[in-house]
Amino acid sequence: MKKIVIVILLGSVFFGYSQKKENKKAVKIKPKTEFVAELLSKMTLEEKLGQLNLPTSGDITTGQANSSDVAKKIEEGKVGGLFNIKSVQKVKEVQRIAVEKSRLKIPLIFGMDVIHGYETTFPIPLGLSCTWDMNLIERSAQIAAQEASADGINWTFSPMVDISRDPRWGRISEGSGEDPYLGSQIAKAMVNGYQQHDLSKNNTILACVKHFALYGAPEAGRDYNTVDMSHIRMFNDYFPPYKAAVDAGVGSVMASFNEVDGIPATGNKWLMTDVLRKQWGFKGFVVTDFTGIPEMIAHGMGDLQAVTALSLNAGVEMDMVGEGFLTTLKKSLDEKKVTIEQIDNAVTLILNAKYDLGLFEDPYKYCDEKRSKTEIFTASSRDEARKTASQSLVLLKNNNQLLPLKKSGTIALIGPLADAKNNMSGTWSVATNGEKCISLLAGIQKVAGKSTKVLYAKGSNLDYDETFETNATMFGKTLNRDKRSKEEMLAEALKVANQSDVIVAALGESAEMSGESSSRTNLEIPQAQKDLLNELLKTGKPLVLVLFDGRPLVLNDENATVPAILNVWFAGSEAGYAIADVLFGDVNPSGKLTTTFPRSVGQVPIYYAHKNTGRPLSNTEGKFEKFRSNYLDERNEPLFPFGYGLSYTNFDYSNLKISSDKMNFNGKVTVTVEVANTGNYDGKETVQLYIRDVVGSVTRPVRELKGFQKITLKKGEKKTVTFDITVEDLKFYNSDLKFVAESGQFEVFVGGNSSADKKVSFNLVD
């Protein structure tokens with residue numbers, strides 16, 4: 001008994017906090033290395049394994065924490081952190097159990113899927129990437145951290161930086177598209193936004209880059225499926241955004257569900273130790289994805305004890321939900337299948353993160369109820385979300401300048417997504433209150449003003465199949481399926497349409513038609529909506545398609561028949577206002593695609609940075625040629641290329657120059673181009689620079705993005721845009737996986753999308 005009392009007293013002095021002190025100034029503690037080592041020396045094996053255990057919050061509710069199953073484990077020192085618990089009150093109540101009732105009083109870390117905002121929700125990540133604005137993207141993460149930290153959260157499972165070139169995969173919505181260069185810039189911006197280079201602040205949170213690695217390239221586009229690719233493709237095309245996040249100082253990494261080289265990532269030592277730690281120098285901790293360890297059983301890697309040991313030996317430190325670390329590592333240690341040094345190292349990394357977050361100085365650092373009342377879903381944050389969302393929208397077509405609309409006359413707003421505020425936030429918006437989101441109907445009514453009459457009809461359900469619609473509107477994002485017949489709904493829509501001057505059709509995917517476990521083989525708009533659109537077109541009224549989606553869709557029919565198409569993704573809590581701002585010209589659209597839109601699902605995977613074959617198509621019209629690399633029934637080119645996006649104004653590129661036709665390995669060349677706004681509106685243009693390595697020791701892509709600048713031009717204004725190219729821009733991983741640049745000829749393309757045809761060239765010389 002004396003021994004126990006002494007330990008408790010020492011613990012109280014050591015950590016310097018109690019319930020009575022929770023609101024007082026945080027205490028100063030020893031330097032991290034010394035502090036963590038001393039704490040580790042006091043821990044039993046069971047307490048060490050507990051730090052590696054990350055359960056979900058489960059049945060914990062305010063006022064009942066002490067009686068929950070998870071709370072009992074916390075008190076016994078068997079939990080290192082919790083995720084998906086929301087609100088300061090709940091977090092404080094659970095944290096109190098850890099720091100007052102557990103033996104060593106080690107605070108918990110609290111995580112949540114804060115993916116594209118907290119309660120103030122920004123566009124889905126794929127949409128956010130289409131801003132091509134790193135300041136806006138970083139700011140969105142900073143606001144998310146501000147709000148989440150004010151509500152007790154100190155760890156986010158974001159950013160997701162998986163490169164994806166397959167729109168069948170539902171989680172393409174959660175990433176930044178197909179390009180490793182752009183993806184790397186966004187990964188860095190997101191990490192900086194969350195962490196702000198200073199985790200000691202109470203308004204920053206620990207970031208977690210995911211999913212390491214290659215999760216965005218599953219066979220058949222089916223979620224969780226096998227991934228198999230060469231190492232040279234891994235390093236050149238898929239690894240760069242993960243490495244960029246590590247270089248930016250990301251505090252944690254999440255393992256992916258898929259296998260890599262025949263071994264699931266969660267148990268892959270080459271991936272987690274050789275690449276992540278030894279090659280890239282990652283210093284944080286690795287957490288599994290949800291039940292990632294026990295899922296290796298189904299992969300065929302052994303029983304729970306075997307796969308758990310495999311995971312620890314690979315270099316994974318925290319077990320999300322699986323509890324394999326908690327229940328099997330003691331036996332594996334006794335059987336010498338793992339070592340105490342490995343366990344101690346894992347615990348040290350978890351404790352280091354808690355130290356960096358300031359939780360040992362003040363476990364209630366993120367439990368300020370004043371902040372939770374004043375810093376979440378504020379007017380200023382919502383205003384920023386609205387402005388950011390308006391920059392993410394991509395104008396795909398605008399015949400005869402149908403857009404922007406006039407703020408007068410009668411508008412018919414028709415479609416199942418027109419009055420669907422619960423869908424505006426898109427997938428992975430777990431903290432969003434859908435009832436507070438702005439629908440397109442509400443946005444148009446507000447922005448159009450009193451001089452405009454807005455008529456509304458639903459027109460059709462999301463899909464003819466009720467079961468499909470149920471599966472596509474989960475997590476409270478129902479579209480309230482209309483029980484009327486399709487004929488009744490259509491008659492109402494046509495009546496409204498015929499009373500209008502212009503039709504705005506709000507069609508596409510529901511929020512949960514993309515996202516995790518939402519893979520699709522048919523990438524077209526559901527047939528019920530296509531039928532509605534065709535009937536609306538028959539009225540002869542001008543028609544604007546406002547297209548909601550979480551992935552590239554196949555839009556051949558729509559592109560052929562609809563005069564104007566505005567792709568709006570899922571633009572967040574302020575979506576309705578942001579879309580209306582663009583529809584009425586208060587904001588000139590400037591979004592550019594970060595993923596290719598195919599003509600057919602049969603072209604998938606499709607991406608701009610492909611390699612040439614030995615038999616490329618020789619014509620530029622897409623005409624079929626026998627014994628060439630093409631299709632019998634479709635062109636090779638996409639419908640809309642990477643980097644594409646129209647404006648209400650026009651931009652003219654001219655006078656492309658390069659400073660020299662030669663560059664040595666220590667020098668640089670400068671590329672300049674003049675960009676003029678020749679239209680009638682002020683606007684923004686993303687000027688893009690692509691490079692082709694003409695001859696290499698291994699085959700190289702036809703072009704690769706290596707620079708971009710988003711500029712603002714008033715109507716009639718011209719600017720000179722300058723890019724510097726150094727040897728770092730020319731490097732790639734060769735067949736020996738060495739990061740090198742090779743002498744020879746390089747072509748440089750500059751323009752408004754990846755199909756830019758203006759080019760200059762230079763030679764890299766020894």
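## Second largest cavity

Ile-691, Asp-693, Arg-700, Glu-704, Lys-706, Asp-729, Leu-730, Lys-731 and Phe-746 form the lining of the second largest cavity. Two elements each give two or more residues to this lining, namely strand E20 (683-693) and strand E21 (704-713). The lining comprises 3 nonpolar and 6 charged residues, with no polar ones.

## Model and confidence

The structure described here is a predicted model. Its average pLDDT is 95, and 95% of the residues score at least 70.

## Largest cavity

Rolling a probe the size of a water molecule over the atoms shows where empty space is left. In this structure there are 2 cavities of 30 Å³ or more, and the largest cavity has a volume of about 110 Å³. Its lining consists of 15 residues; those nearest the centre are Pro-125, Met-160, Ser-176, Ile-186 and Met-190.

Helix H6 (125-129) and helix H8 both supply at least two residues of the lining of the largest cavity. H8 provides the largest share, with 4 residues. By class, the lining of the largest cavity divides into 10 nonpolar, 4 polar and 1 charged residues.

## Packing of H7 and H8

Two packed helices are described by the angle between their axes and the distance between the axes. Helix H7 (residues 134-150) packs against helix H8 (residues 180-195) at an angle of about 35°, and the two axes are 7 Å apart. The crossing of this pair is right-handed.

On the H7 side, the contact involves Met-134, Ile-137, Glu-138, Ser-140, Ala-141, Gln-142, Ala-144 and Ala-145. These residues meet Leu-182, Gln-185, Ile-186, Ala-189, Met-190, Asn-192, Gly-193 and Tyr-194 of H8. By class, the contact of H7 with H8 has 10 nonpolar, 5 polar and 1 charged residues. Ile-186 and Met-190 belong to the H8 side of this contact, and both are also among the residues nearest the centre of the largest cavity.

## Largest pocket

The largest pocket holds about 1,200 Å³ of space. It is lined by 32 residues, and His-610, Asn-612, Asn-636, Glu-637 and Val-702 are those nearest its centre. The classes represented in the lining of the largest pocket are 13 nonpolar, 14 polar and 5 charged residues.

## Backbone geometry

Most residues other than glycine have a negative phi, and most peptide bonds are trans. The peptide bond from Lys-210 to His-211 is cis, with omega near -5°; His-211 is part of strand E5 (residues 208-212). The peptide bond from Phe-212 to Ala-213 is likewise cis, with omega near 10°, and Ala-213 lies in the loop between E5 and helix H9 (231-238).

Lys-105 is not a glycine, yet its phi is positive, at about 55°. This residue is located in the loop between helix H5 (88-101) and strand E3 (109-112).

Definitions and conventions:
Residues numbered from 1 in each chain as written. Predicted model: local features only at pLDDT ≥ 70, side-chain atom pairs only at ≥ 80, totals over all residues. Heavy atoms only, no water. 1 Å grid on protein atoms, 1.4 Å probe; cavity = no way out; pocket = protein on both sides within 12 Å on 5 of 7 lines; lining within 4 Å. Points joined across faces, edges and corners; volume = space filled by probe spheres on them. Nonpolar A, V, L, I, M, F, W, Y, C, P; charged D, E, K, R; others polar. Axes fitted to C-alpha atoms, helices over the stretch in contact; angles between N-to-C directions. Left-handed = near helix turned anticlockwise from the far one by under 90°. Contact = heavy atoms within 4.5 Å. pLDDT = per-residue confidence, 0-100.
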